[in-house]
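Hi there,

Here is the structure I promised to pass on. Have a look at it first, and then read on for what I found.

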Amino acid sequence: MGQPIQVEATTLGDVVIFGTDRSITGQDGAVYASREEAAASDRFPALLALRLFDADSSINHVYVASNQVVVRRNG
């Protein structure tokens with residue numbers, strides 16, 4: 001607890017893949033296509049997605065699985 005998480009980002013067009021040095025979720029992925037979908041859950045992946053949607057209004061998709069977070073933005 002209290003240890004920093006190392007994050008590497010890879011950009012592919014409108015998509016950014018964030019890879020971490022530790023698992024964020026289990027093997028089952030969580031997909032959120034809107035802020036409202038993320039706000040409907042209290043699971044950690046949903047809370048992370050909610051913060052991302054709040055940070056940038058052009059985000060239209062967040063996928064969280066294992067040690068990766070995939071974020072897609074409009075344009």
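Let me begin at a contact: leaving aside neighbours within four places in sequence, Asn74 touches Ser58 and Asn60, where contact means heavy atoms within 4.5 Å. Asn74 sits in the segment after β5. Between Asn74 and Asn60 there are 14 residues in sequence, yet 6.6 Å from C-alpha to C-alpha in space.

Before going further, a word on the source: this is a predicted model, in which local features need pLDDT of at least 70, side-chain atom pairs count only at pLDDT 80 or more, and totals for chains, interfaces and linings use all residues. Residues are numbered from 1 along each chain as its sequence is written, and side-chain values use heavy atoms, with hydrogens and water left out.

The sheet

Five strands make up an open sheet in the order β1-β2-β5-β4-β3, with antiparallel pairing. Helices (H or I, at least four residues) and strands (E, at least two) are DSSP runs, numbered from the N terminus, and two strands pair if DSSP finds at least two bridges between them. At the edges are β1 (7-12) and β3 (30-32), each pairing on one side only. From one strand to the next, the twist averages 15°; axes are lines fitted to C-alpha atoms, for helices over the stretch in contact, and angles run from 0 to 180 degrees between N-to-C directions.

Going across the sheet, β1 is joined to β2 (residues 15-20) by six bridges, and Thr11 stands opposite Val16 in β2. In the hairpin of these two strands, β1 and β2, there are two residues between the strands, and Gly13 takes a positive phi near 65°. Next, β2 and β5 pair over five bridges, with Ile17 opposite Val70 in β5.

Six bridges join β4 to β5. Here His61 has Arg72 as its bridge partner in β5, while Val62 stands opposite Val71. The hairpin of β4 and β5 also has two residues between the strands, and in it Ser66 takes a positive phi near 50°. Finally, β3 and β4 are joined by three bridges, and Val31 stands opposite Tyr63 in β4.

Cover and exposure

Which strands are covered, and which lie in the open? β4 is mostly covered, with five of its seven residues buried; buried means under 20% relative accessible area, exposed over 50%, and partly exposed in between (1.4 Å probe, protein chains only). In β1, the number buried is zero of six residues, so this strand lies largely in the open. Helix α2 (residues 44-55) lies across β3, β4 (59-65) and β5 (68-73), running at about 155° to β4.

The largest pocket

The largest pocket holds about 150 Å³ of space. On a 1 Å grid over the protein atoms alone, a cavity is a set of points where a 1.4 Å probe fits but cannot get out, and a pocket is an open set with protein on both sides within 12 Å along at least five of seven lines; lining residues have an atom within 4 Å of a point. Grid points are joined across faces, edges and corners, and the volume is the space filled by probe spheres set on the points.

The lining consists of Ile5, Val7, Phe18, Thr20, Arg22, Ser23, Ile24, Phe44, Leu48 and Val69. By class, the lining has seven nonpolar, two polar and one charged, counting Ala, Val, Leu, Ile, Met, Phe, Trp, Tyr, Cys and Pro as nonpolar, Asp, Glu, Lys and Arg as charged, and the others, Gly among them, as polar.

Best wishes
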